[in-house]
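Have the sequence and the model at hand as you read.

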Amino acid sequence: MRRLLAVTSVLIGLTGLATAVAAPAQAAGYDGICTGNDALTGVTVVVDFQELDGNGGTAAPTITRCSPNANPGTDRTGIKALQDAGIAVAGTARWGLGFVCRLGGRPSATETIPLSSNPNYKEPCVNTPPAGAYWGYWHADGSGSTWTYSSYGALNRNVVPGGFEGWSFSLNKSATTNPPPGVTPTNPAVNASNPTVSLSVNDVDRKITLGQTTSLTWTSTNATTVTAGSVTPSSGGGAWSGALAAPGGTQNITPTAAGTYVYTIAATGNGVTVYSSATLTVQ
């Protein structure tokens with residue numbers, strides 16, 4: 001069963017909040033894919049309830065909403081994109097933002113989810129959801145028509161401006177039959193030849209203790225060069241500079257001082273340079 005545990009970067013369940021949270025008031029999400037000024041700065045969020053549609057007596061048609069970026073040029077996580085789209089998200093009591101448990105209130109605590117191993121299962125959102133009933137996390141850059149299953153949780157992954165964030169409920173499926181969202185992730189405003197880049201910290205809460213080592217992982221498309229940029233503050237965050245492998249890779253980071261560090265990355269292709277950043281707190 002294909003799931004994602006961000007702590008180990010192994011495919012297992014996905015991110016969320018410990019309690020239901022509505023989108024911040026300053027992010028006015030709206031129905032449909034992002035258009036106008038939001039077309040290349042926002043991200044479209046799709047929530048496909050799959051077998052949950054009507055289960056428990058509550059209809060749940062697929063949601064497609066634009067998640068505008070109130071501060072274009074700044075990075076947002078997949079969780080922030082959900083909030084900015086106006087979609088309520090809830091996680092588990094144990095992991096908090098580490099695993100998504102409910103989207104739009106589904107599955108509710110009282111509805112029965114017919115797991116093969118437990119036909120009367122109800123989701124309490126205490127630990128991780130079971131392998132047979134969980135929210136799968138998908139993404140797309142907007143230039144094509146297919147979804148990619150995320151190898152990182154939404155708390156640990158920055159969204160691609162102009163792209164798509166997808167959530168699809170997986171019930172009694174395997175790694176090869178997990179369903180992608182049933183919406184084609186194509187954004188007409190995206191130039192398929194332009195580069196994209198995303199940088200992530202490989203810790204579920206993006207926090208480590210001084211003396212520990214973590215890693216940064218990057219992915220890119222259409223990039224001829226990928227470069228590690230600045231670290232802010234400039235000292236104490238560990239070594240992060242120079243040319244990086246394209247289209248992606250992972251590099252260990254060992255900070256030498258406590259603090260909050262922002263790492264940036266640049267990708268260049270087709271005469272265009274794009275950037276991404278990731279934040280790490282060292283306690």
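Counting each pair of cysteine sulfur atoms within 2.5 Å as a disulfide, this chain comes to two disulfides. This is a predicted model, in which local features need pLDDT of at least 70, side-chain atom pairs count only at pLDDT 80 or more, and totals for chains, interfaces and linings use all residues. Residues are numbered from 1 along each chain as its sequence is written, and side-chain values use heavy atoms, with hydrogens and water left out.

| Pair | Sulfur-sulfur distance |
|---|---|
| Cys34 and Cys66 | 2.1 Å |
| Cys101 and Cys125 | 1.9 Å |

Let's take the pair Cys34 and Cys66. The torsion about its S-S bond is about 100°, so this disulfide is right-handed. Cys34 sits in the loop between β1 (30-31) and β2 (43-48), while Cys66 belongs to strand β3 (residues 63-67), so the bond ties together parts that are 32 residues apart in sequence. Strands here are DSSP runs (E, at least two residues), numbered from the N terminus. Cys34 is buried at 2% relative accessibility, and Cys66 is buried at 0%; buried means under 20% relative accessible area (1.4 Å probe, protein chains only).

Now for Cys101 and Cys125. With a torsion of about -85° about the S-S bond, this disulfide is left-handed. The pair links distant parts of the chain, 24 residues apart: Cys101 in strand β5 (residues 96-103) and Cys125 in the loop between β5 and β6 (133-140). Cys101 is buried, with a relative accessible area of 2%, and Cys125 is buried at 8%.

Counting bonded cysteines along the chain, the disulfides follow the pattern 1-2, 3-4.

Methods. Helix = DSSP H or I, 4+ residues; strand = E, 2+ residues; numbered from the N terminus. Buried < 20%, exposed > 50% of the residue type's maximum accessible area, 1.4 Å probe, protein only.
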